[in-house]
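Trainee: Could you walk me through this structure, a piece at a time?
Mentor: Gladly; have a look at it, and then ask away.

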Amino acid sequence: MERAELIKLAARLIRESDGLLIGAGAGIGVDSGLPDFRGDNGFWRAYPALGKAGISFYDAASPRTFESDPRLAWGFYGHRLDLYRNTVPHEGFRLLQEIGAALEHGAFVFTSNVDGQFQKAGFAADAVCECHGSIHHLQCLDSCSEDIWPASGFTPEVDAERCRLTSALPNCPHCGGLARPNILMFGDWDWNHARTNAQEAALKRWLGRSRRPAVIELGAGTDVPSVRAFCEGTKRPVIRINPRAPQLGKTKGIGLALGALEALRQMHVALESDGFFGQA
């Protein structure tokens, strides 16, 4: 089927829905200039110091590294925290907001991203579920308490060439030990998921109200398929937007081999031409 016809079908799925469920993986951030960590080569292009040392993404994104070499671990996560704080979300986030605002029950986001870009773009905090946590929140490495606190008081200074934190390490306010990001890492048994549990409860309540949500999945990969599995589990047709892996398999829906921003622009134009934004 021609791409133009697929866009029209996607627009029709949205028009016939009563809410917008957004599933987002790392690929949605590429149009904002965020690095693509796909495979070790992509990761090492973003962090050449780790490439020279042969340190993979799985090794860097591990609680073991916080224990064995905290300045390296916080060099990696501190750089990312600073990057996400300075990144401007691309136009596609606004287009998603406009589509959601035209539907009865608005929009809700389910994302594996830890970057906080949806909230930064203006999505309500209580309409976002971050299934892997958030880099903008911290917890105690030793789990001395169940507390999770904002990372707003931590301003990392990083030697990018060595990928090492040069400023003071962040501390737990209770025990004084090392703080870590409130992120689900690889091989992580101590991630405090209380914040994400509350978000999941809010998502469940929203799904109880929106009985016919349109499901748009953007930039969700297959290596860590959390978002893909969630979107497929809704049993709703999925509008899968992925330039590398748009295939749907047995899942019903539409696959678009496009980047997130380009696909959203085309769908927004199709909806606008049908008078969709005048129905709210």
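This is a predicted model: local features need pLDDT of at least 70, side-chain atom pairs count only at pLDDT 80 or more; totals for chains, interfaces and linings use all residues.

Trainee: How far does helix H11 reach from its first C-alpha to its last?
Mentor: Helices (H or I, at least four residues) and strands (E, at least two) are DSSP runs, numbered from the N terminus. H11 covers residues 260-273, which makes 14 residues. The expected span is 1.5 Å times one less than the number of residues. For H11 the expected value is 20 Å, and the helix comes close to that, with a reach of 20 Å.

Trainee: Which residues of H11 are buried?
Mentor: Buried means under 20% relative accessible area, exposed over 50%, and partly exposed in between (1.4 Å probe, protein chains only). An α-helix has 3.6 residues a turn, so residues three or four places apart point the same way. Cover for the buried residues of H11 comes from elements including helix H1 (3-15), helix H7 (91-101), S9 and strand S10 (238-241). The buried residues are Ala 260, Leu 261, Ala 263, Leu 264, Met 267, His 268, Ala 270 and Leu 271.

Trainee: At what angle do H7 and H11 pack?
Mentor: Axes are lines fitted to C-alpha atoms, for helices over the stretch in contact, and angles run from 0 to 180 degrees between N-to-C directions. The axes of H7 and H11 are 9 Å apart, and the angle is about 35°.

Trainee: How do the residues of the contact of H7 with H11 divide?
Mentor: Contact means heavy atoms within 4.5 Å. On the H7 side, the contact includes Leu 95, Leu 96 and Ile 99, and on the H11 side Leu 261, Leu 264 and Leu 271 are among the residues. Ala, Val, Leu, Ile, Met, Phe, Trp, Tyr, Cys and Pro count as nonpolar, Asp, Glu, Lys and Arg as charged, and the others, Gly among them, as polar. The residues of this contact divide into six nonpolar, two polar and three charged.

Trainee: Is Ser 210 buried or exposed?
Mentor: Ser 210 sits in the loop between helix H9 (194-209) and strand S9 (213-218). Beyond residues up to four places away in sequence, Ser 210 touches Asp 18, Gly 19 and His 105. Because its relative accessibility is 2%, Ser 210 counts as buried.

Trainee: How long is the polar contact between the side chains of Ser 210 and Asp 18?
Mentor: A polar contact is a pair of N or O atoms within 3.5 Å; within protein, one must be able to donate a hydrogen and the other to accept it, and residues adjacent in sequence count only if both atoms are side-chain atoms. For the side chains of Ser 210 and Asp 18, the value is 2.7 Å.

Trainee: What phi does Cys 163 have?
Mentor: Most residues other than glycine have a negative phi, and most peptide bonds are trans. Cys 163 is in the loop between strand S6 (158-159) and strand S7 (164-165), and it counts as buried because its relative accessibility is 3%. Although Cys 163 is not a glycine, its phi is positive, at about 55°.

Note on methods:
Residues are numbered from 1 along each chain as its sequence is written. Side-chain values use heavy atoms; hydrogens and water are left out.
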